[in-house]
Amino acid sequence: MAVQGARPLPIVGVPSRRRRLGVSALVGLGILAVLIVLWAWGALAPPRDPLATDPASQLLPPGPGHLMGTDTYGRDVLSRVMAGAGLDLAIAASVTGVSFVVGVLVGALAGYHGGWIDDVVLRVVDVILSFPAFVLALAITAVLGNSVRNVVIAIAVAYTPYFVRLTRGEILSARRADYADNARAIGNPSWRIVLLHLLPNCIVPALVQASLTMGWSILDASGLSFLGLGIKPPTPEWGVEVGEGASNIVSGEWWTSVFPGLAITLAVLSFNLLGEAIQARFRPRR
Amino acid sequence: MTAPLLEVADLTCEFRDRGRTVHALNGVSLTVGAGETVGLVGESGCGKSTLARSIVRLLVPTSGRLLFDGQDYTRWGERRLRRLRKDVQIVFQDPMTALNPSWTVRRLLLEPLVLHRVGEPERRLSQVLDEVELPASVLGRRPGQLSGGQRQRVAIARAIAARPRFVVLDEPTASVDMSIRASLLRLLRKLQREEGLTYLFISHDLSTVRHICDRLLVMYLGRVVEEGRTESVFDRPAHVYTRVLLSAIPVPDPAVRRRRLPILGEPPSPTAIPTGCPFRPRCQMAAGECERPQPFYEVGPGHRAACRLARVEPSGEAGTPA
């Protein structure tokens, strides 16, 4: 009967296989969800047309009619922040997508092949990295002209080297592993060894970097627009909105800049938190 | 012996390490006949693994020739080698590092079948799983979720899946404990019988080699110093180095007084190989003539050693120059 009543001993010190999401992941995902809801709402049923000016309702403070007030041209700030969410997240996703894919592939090639390819790639990377990312993006848009596509290209060029460096380093150590030799001995061609055997074990640092790049590229895109070198003004983009409202802060109409600025802050925060969460989730793996 | 399946002729392999040349292999010659199991023994650092990696061409040898089934593949490029790799496989010492940690067993075992276009891969997959005596339940697991013995069975299954003819076993039992070692050896012998495999079995463990190998090669500092049938080498070791090795085998009987032969100092660095007999600086029997390169002397049928003590004495009791 003692046996019947016995409970299994609590197992101490065995970590559960699937750890729960940490606080940073939850907060990061939460903020991201809010931004996506804002964007979807703005896309499907915006409170007002983000481009419609109204001379009768210029610079109204936040209130029942306009939850975030109106700007100098009488446009609804909330609607413009919603529309900006779509554009800024799209820019961030494009920048990250391009620099991730290009950077990881070039880095893997350089790390695996070594020799002159590695030397050339490293020199180019060093040259790009010797400019601060933002200054480089500034110069590229100044040359290419400002359009959404050129902003994406400019920022992607500035961030690709980080992916190259990270992936090259990881591949460089992984290619010495026995399983890389085993993969060759079993009859794999080089491209399969790199893409199927090595890369999946080398991708976590690049994923963390991708999340950070999402945040930074929003900051850079809106920064370029703020300076007048990114997205052109009537377009509802957070940086444009902060820039247009900047002069109003002095005269007390803070809402025209603060709400889009807050959106930028939250977006960057959420991607940094997500990056941290990815790192925490994968790092201790052997 | 019939025409050899694998022939290694005067193979040398050198590396540059911080400005110095490491002579990992110094003219190794050996043959392995079809269906044979040839053991290769020697202490760590003698070039066993370098030889293994050269034979499966993960390394390009500095000079010498490698022939498989009469074809010289010493300088083949990767594309051509891929065909050879269907026939010539290798099992590494530690399956923990030799198997991709993020791949499932299923994927690991299917890969060689897909690469070498083996027909009906699913059928062969379950067949090879049976052959290495693993349950189908391991298919969904990753190497880290298996026991050491299971992992090595997966590594062996991966090597033999595409039905190679020749397998290099690079210390396949060194990473597991004694009880599992015996079952792995039994498995390897069974596979050889059933699949008609030919093995080059590399080990530093003489008692393991004794039970599985038909012939033995003793390596010292990148050179084969003695070779012969396993019983012959164990019964009548001719090279002083071989005698030292054999005297070092532990005997599991406290009543038996072992007489261990002395060996002087540490093995020399492979950056500075001694002239003449490479074992000379550590040999108690070294004489003046050992400063010259020693030829092989026939000790018995198919048994020869590169040591002056294996040479025929005036009384005629040892052997004759080969």
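## A first look

Is E78(B) buried, partly exposed or exposed? With a relative accessible area of 29%, E78(B) is partly exposed, because buried would mean under 20% and exposed over 50%. Keep in mind that this is a predicted model.

E78(B) also has a charged partner: R85(B) forms a salt bridge with E78(B), and the closest N and O atoms are 3.5 Å apart. R85(B) itself counts as buried, at 2% relative accessibility.

## Charged pairs

Let's stay with salt bridges for a moment. Side chains of opposite charge can pair when their charged atoms come close. Over all chains, a search of the whole structure finds 30 salt bridges.

One of them joins the two chains: R53(B) pairs with D178(A), with 3.5 Å between the closest N and O atoms. R53(B) lies in helix α1 of chain B and D178(A) in helix α7 (residues 178–185) of chain A, so this pair joins two chains. D178(A) is partly exposed, with a relative accessible area of 22%.

Another pair stays inside chain B. The side chains of D69(B) and R165(B) meet in a salt bridge at 3.0 Å, N to O. This pair links distant parts of the chain, 96 residues apart: D69(B) is in the loop between β4 and β5 (71–72), and R165(B) is in the loop between α6 and β7 (166–170). D69(B) is partly exposed at 43% relative accessible area, and R165(B) is partly exposed at 33%.

## Where the chains meet

How many residues does each chain bring to the contact? Chain B gives 25 residues and chain A gives 17 residues. The area buried between chain B and chain A is about 2,000 Å², and carbon and sulfur atoms give 51% of that. On the chain B side, R82(B), L115(B) and R158(B) lose the most area to chain A, together 21% of what that side buries.

Several elements of chain B give two or more residues to the side that touches chain A, including α2 (78–87), β6 (88–91) and α6. The element that gives the most to this side is α4(B), with four residues. One salt bridge to look for has the side chains of R192(A) and E111(B) meeting at 2.9 Å, N to O.

## A covered helix

Now find helix α6 of chain B, residues 148–160. This helix has 13 residues and reaches 19 Å from its first C-alpha to its last, close to the 18 Å expected at 1.5 Å a residue. α6(B) is mostly covered, with 11 of its 13 residues buried. Among the buried ones are G149(B), V154(B), I156(B) and R158(B).

C13(B), for instance, is in no disulfide, and the nearest cysteine sulfur, that of C46(B), is 13 Å away. C13(B) counts as buried, at 2% relative accessibility.

Finally, a look at the backbone. Most residues other than glycine have a negative phi. D10(B), in strand β1 (residues 4–17) of chain B, has a positive phi of about 50 degrees although it is not a glycine. R57(B) has a positive phi too, of about 55 degrees, and is placed in the loop between α1 (48–55) and β4 (63–68) of chain B. D10(B) is partly exposed at 48% relative accessibility, whereas R57(B) is buried at 6%.

Notes:
Residues are numbered from 1 along each chain as its sequence is written. Chains are lettered from A and ligands numbered from 1 in the order in which they are written. This is a predicted model: local features need pLDDT of at least 70, side-chain atom pairs count only at pLDDT 80 or more; totals for chains, interfaces and linings use all residues. Side-chain values use heavy atoms; hydrogens and water are left out. The expected span of a helix is 1.5 Å times one less than its number of residues. Buried means under 20% relative accessible area, exposed over 50%, partly exposed in between (1.4 Å probe, protein chains only). A disulfide is a pair of cysteine sulfur atoms within 2.5 Å. Contact means heavy atoms within 4.5 Å. Buried area is the accessible area (1.4 Å probe) that two parts lose on being put together, summed over both. A salt bridge is a side-chain nitrogen of Lys or Arg within 4 Å of a carboxyl oxygen of Asp or Glu.
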